[in-house]
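Thanks for coming. I'll go through a few local details, so please have the viewer open.

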Amino acid sequence: MPYNEVQYLEAKLILRPNHFTSRKSFFDFAKVMRRPAAAAGVDFDGDGFADEPLQIREVLFMDTPDFRLYNNAFILRRRIPYFEGFPIGDPEIVFKFRHPDIQKAAEMDVRPNIRGDFRIKFKAEALPLKDRLGGIRMLYSHNVEFGLSAMQEGDRTSLDTIVSILPALSSLKRKPGERLDMVSDTIVEEILQDIGSLDFGGGVTAVPNVALWRTRGDHRPLIGEFAFQIKFKRREDLNEQAMRRAEAFFLGLQDEAKDWISLGATKTGVVYRLKGNPPHAHE
């Protein structure tokens with residue numbers, strides 16, 4: 001049983017999508033960041049990022065009709081990156097167990113039963129409190145990523161097939177012949193822009209980004225997100241003062257961006273609720 005250590009700290013603010021109507025509007029959020037960054041002693045530099053290209057990905061979620069995966073804290077999605085309007089590379093399967101209990105998340109064995117390579121990530125995700133700004137709640141996400149081509153040929157929507165590839169799901173109750181469907185019959189188009197760099201001191205840095213999720217086809221805006229991620233090998237590698245600055249910045253940004261923030265939401269949760277049938281969430 002693997003007990004992977006947390007090696008990523010990701011801070012997220014879920015944003016109302018109405019602010020994002022153009023590429024320039026992504027950089028409007030960079031202006032919002034400047035005052036809380038300065039107040040927290042964090043160096044924010046946006047030079048050169050205006051020329052960085054937009055990143056576009058197609059994202060879709062798979063689950064049983066009664067959302068059995070999500071209701072048990074599992075998320076299964078497929079991502080396809082695009083470059084200059086065309087899909088590139090092998091579509092990526094991302095399977096995660098996300099839970100507020102770090103021990104439960106750590107103990108979940110997400111390793112896939114495939115012949116190809118895969119990559120495990122264990123992340124701590126910081127979000128605002130569900131009901132008010134000015135606080136932090138944590139979710140822990142134990143992920144595995146691998147290429148779609150690593151999955152065996154056959155019926156990839158069969159729940160039995162998926163369980164054979166992802167044994168972590170074997171604890172779910174299931175009946176013969178059950179299948180997975182595309183959640184909310186929706187393909188999401190993710191538009192993401194890096195907007196600068198953050199230096200918290202002590203060698204701790206991050207590249208913040210802003211993303212918009214919208215439905216493919218009718219381009220309906222769903223939700224936005226601001227995020228930055230700090231990667232480290234060991235918890236001891238993180239400078240304590242730098243981490244205090246990161247926390248102060250994240251709390252100050254919540255106040256500065258209060259008119260942008262959508263409380264109590266996650267991007268995944270928004271997609272699951274599109275058809276008006278909300279699942280029970282662990283988030």
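Which residues does Glu125 touch, not counting residues up to four places away in sequence? They are Glu10, Lys12, Arg98, Arg137, Met138, Leu139 and Ser141, where contact means heavy atoms within 4.5 Å.

Some bookkeeping. This is a predicted model, where local features need pLDDT of at least 70, side-chain atom pairs count only at pLDDT 80 or more, and totals for chains, interfaces and linings use all residues. Residues are numbered from 1 along each chain as its sequence is written, and side-chain values use heavy atoms, with hydrogens and water left out.

Back to Glu125. Its relative accessible area is 2%, so it counts as buried (under 20%, 1.4 Å probe, protein chains only). A polar contact of 3.3 Å links its side chain to that of Arg98; the term means a pair of N or O atoms within 3.5 Å, and within protein one must be able to donate a hydrogen and the other to accept it, while residues adjacent in sequence count only if both atoms are side-chain atoms.

Next, Met151. This residue is buried too, at 8% relative accessible area. Beyond four places in sequence, Met151 touches Ile93, Phe146, Arg156, Ile162 and Ile165. From Met151 to Trp213 there are 62 residues in sequence and 27 Å in space, C-alpha to C-alpha.

Last, a helix pair. Two packed helices are described by the angle between their axes and the distance between the axes. What are these values for helix 1 (residues 23-39) and helix 5 (residues 240-256)? The angle is about 125° and the axes are 8 Å apart.

Methods: Buried means under 20% relative accessible area, exposed over 50%, partly exposed in between (1.4 Å probe, protein chains only). Axes are lines fitted to C-alpha atoms, for helices over the stretch in contact, and angles run from 0 to 180 degrees between N-to-C directions. Helices (H or I, at least four residues) and strands (E, at least two) are DSSP runs, numbered from the N terminus.
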